[in-house]
Amino acid sequence: METFIGKPVKRREDNRFLKGAGKYTDDIKLHGMTHSAFVRSPYAHAKIVSVDTSAAEKAEGVVAVYTGSDACGTIGVPCGWQVDFKNGETMREPMHPLLAKDKIRHLGEAVAFVIAETLELARDAAELVDVKYEALPAVTCPKKAMASGAPKVHDEWEDNAAFDWCIGNDRAEVEAALANAHHVTEMTYKNHRLAPNAIEPRSYIADYDVNADKWTLYTSTQNPHLVRLLLCAFALGIPEHKVRVVSYDVGGGFGSKIYHYTEEALLTWASKEIGRPIKWTSDRTEAFLTDAHGRDHIVHSKMGFDKDGKIVAHLTDEFCAMGAYLSTFAPAVPTYLHGTLFQGVYTTPLIHLNVVAPFTHTVPVDAYRGAGRPEATYLLERIISKAAKEMDMDPAELRFKNFISPFNGTTEPGYQTQVALQYDSGNYEGVLKRGLEMLGYEDFRKEQAEARKNGKLLGVGISTYIEGCGIAPSAVVGSLGARAGLYEVGHVRVQPTGKVSVFTGAHSHGQGHETVFAQFVADKLGIPMDDIDIVHGDTDQVAFGMGTYGSRSLAVGGSAIIKSIEKVLEKGAKIAAHKLEAAEEDLEYAEGKWTVKGTDKSISFGDVSLTAYVPHDYPEGVEPGLDFSSFYDPTNFTYPFGTHIAVVEVCSDTGKVEIKRFVACDDVGNVMNPMIVDGQIHGGVVQGIGQALLEEVVYDGEGQMVTGSYMDYAMPRADDIPMIETDRTTTPCPHNPLGVKGAGEAGAIGSTPAVVNAVVDALSHLGVTDIQMPVTPKRVWKAMQS
Amino acid sequence: MIPAKFEYIKASSVSEAIGLLEKHGDDAKILSGGHSLIPAMKLRLSRPEVLIDINGISGMNSITEDGNEILIGANCTHADIVNSDLINSELNILASTAKHIGDIQVRNRGTIGGSLAHADPAADYPAVVLACDAKIEVEGKSGKRTIPATEFFLGIFTTALAEDEIITAIRFPKVANGNYQKFFQSASRFAVVGVACVKDGNSVKVGVTGVAGTPYRATAVEDAYSGSSDAASHAVDGLEDELMSDHFADEEYRAHLAKVMVKKALEA
């Protein structure tokens, strides 16, 4: 019988995607649907003096115009995570209004909302809204936002801090260890701001049905149930059972579509006001200005070593921008998704991280592929490579010296870090050894020395990462400030004919769930993949769910489905035993049938399914039907890890960096579909290379965005990227039934420091010790000059 | 990404287009390939009331040999130029330049006449028309005239075209030994620095785009050249106050790149 786990099964969903036949929110057209446009602030910080909508209201085809002075101006969207000050003060949480009323706090903040019969008329009318602003000085840098006299984002507090938080060992203890260290390596840099750039911009349709008194919100989101919960319980206060949230195909998210955005709530509110459906689709300019950004940390770090190169202490202070308001998960990103990874893959005995998270006059910052872990990995992997250079050691050797020893998490315990988490299983030296072997590290060093003699600038950069994903145990995240649980729901409905519908609360926005989930369900039930349908993205169909982010879908969502499959098989065995006139314990289930052990008497999955729904000859006390739902709340995060190695050549004339080779050896636990995992690694690596070399959101001193289009914001293109050489080691996750970790973010976490380490290595003989990302030709050339 | 309202008129002859330009004045824009104009209109940065589409005018998209010259209709797309056997053999510098403009979609729509009239300071063609001493053939209400490339570019998005004039063709001499070197901006793939070089024995003509607001002939390089690429050190002589600067390349780096790319062009 054909099995599917571990095989490169082609993605089912590609049939529609490759034909342009996907069903995205903007593809939906409803009867009587109106269209809308926003009037957005051209200033980052301003007083709103007046808003005159009279001309817009009279314009052709206009249905309604709303401003912050209407009822919607008193509504705000909530933050989903609370991180308090280390001194006990509660996190400062400003109202995040659907429309600004008195004050503008970031470029592109919505001031008025225009609904019209067509999109063209909505756009034209939006231009007729006359807003008078009084521009105010803005602050966009998180460090400058904490300087005395900095312009304040919210007047109600004495400074811009949303919170000031720390994790790890006692600061004084860490400082003392650094003071006594044989060698201390220091770094100051910016982990710069990125725009998420999903290819499908955000798009929403809100449809209030007057007769049924029900709302439907079609939305390009990564988690429909969470949007419904936040929309109903916090933003609008409308009954959850009367709201359906639907997201069919979603064209990428990278985190930016996790959050509950103001536009979702405003459209839902306004749809009832006008009694008609309303559509809004962001254009690319609005996406740059209003999608939650990623990163934006200013970092100062010290790592101390003993004379043998063992790390003795690590102390870091960071300023991490929150933006103008707190987006859904924003406070968690530079704290519990970041500081908790400061152990890295090393035995560092003393760690302390302090994070000051200020409001800034920018769009909110939130999780972006990797969310806090790329920032932690960048720091650890850059500083250890810098230290190796300073101590005249090989960067691989210094890593081997400091690795946590291999542990499997079953017969050997997990590894307790200094920063709250306990790693599940790992073999860090294994991935580095394999990575070095894939590259031919020793031979490369010879080639590099030879190339240098000829004036060629070749460099190699190593990064050995760990990340915490598969979020997560609800009790743990609850104790860390999450305001929601982070379990997942898996519902297996066996139809009378033995065909299976699986409902998952995870939500695919490009990951291939419809294929991967069907693969393991097929194997566990012993039925063909074609007999299985995966349903997601509709709150009326799926009982509940927490969506897809944090590389959690398979580890958490897949495990929930496994629990339901176990229930199906357990009940099926009772029915089978009855039909076969045998005892349950005498049955075994394999290849889609129950067989009486040692005999040829068997009954197929399909016959049992039919019996369950046509229960004429049926076991006593057993309910009809074969339909189970389960909630799975994991006992721990999962901890994928790996080694990424980049080889670069720097053009000595122009400073342009070319990546000659990129090697990735990742360990994501057991692999369901190696082709999809490779694809996830490839995509992540490209995003990581994008951050290292190309992408950066730049605001000028007035808070205007310098890089607000693809003319200035450099996305990686195919010819920027080398062939990515991948391999894997396999260290199963010990605490979930499939033994899987997560692969969605790993590529973006490991790759960035590998590239920058390689560039610095290429230039090290010229005295270059660090270069600010993105490592553009200009920055490289200037570093070579100084 | 929806433009403001505009009226669309498809001109069927050059004289009709000129008449329309005369009639509508500042309110009108000529639509050729539209690859700069349409995005600007979608962002509502440009809001012409009338678009005069010249794509249907016959005779404006041919590439012909005229003695020692090649005449390229203004409506020829970059792809037409890339794919022209005549240009590939007699004016290779232009074909190899066009090959690196934008992407396939841009090359299939964007035109040489549109690009020159738009005069984007980072466009590729200006360097080539300068180095080749091409002539821009234009027509307006007072008739036809020919503008030497060296007199055509007046500043950022500014040319010697009068308000009622359109480019009808570009007349290039045949060029045996020319090359174009481009260092592109990683986001837009426009030229940060683009250098066209036409060599004839020990004399050289060098056109530079992307460096100053106005594309220029690097006459200091040409004067200093006597077969050695050391002359490249003069790439920005006299232009110190006119260097462009942006977050990708400031004046200092741009000036350096100009020298590097001129050297590369001289050595090619």
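In chain B, strand S11 (178-184) and helix H10 (251-267) each give at least two residues to the lining of the second largest pocket. Helices (H or I, at least four residues) and strands (E, at least two) are DSSP runs numbered from the N terminus. This is a predicted model, where local features need pLDDT of at least 70, side-chain atom pairs count only at pLDDT 80 or more, and totals for chains, interfaces and linings use all residues. Residues are numbered from 1 along each chain as its sequence is written, chains are lettered from A and ligands numbered from 1 in the order written, and side-chain values use heavy atoms, leaving out hydrogens and water.

On a 1 Å grid over the protein atoms alone, a cavity is a set of points where a 1.4 Å probe fits but cannot get out, while a pocket is an open set with protein on both sides within 12 Å along at least five of seven lines; lining residues have an atom within 4 Å of a point. Volume is the space filled by probe spheres set on the points, which are joined across faces, edges and corners.

| Second largest pocket | about 620 Å³ | B:Lys182, B:Phe183, B:Phe184, B:Met261, B:Lys264 |

Over in chain A, helices H8 (373-390) and H17 (746-763) pack at about 30°, axes 8 Å apart.

Notes. Axes are lines fitted to C-alpha atoms, for helices over the stretch in contact, and angles run from 0 to 180 degrees between N-to-C directions.
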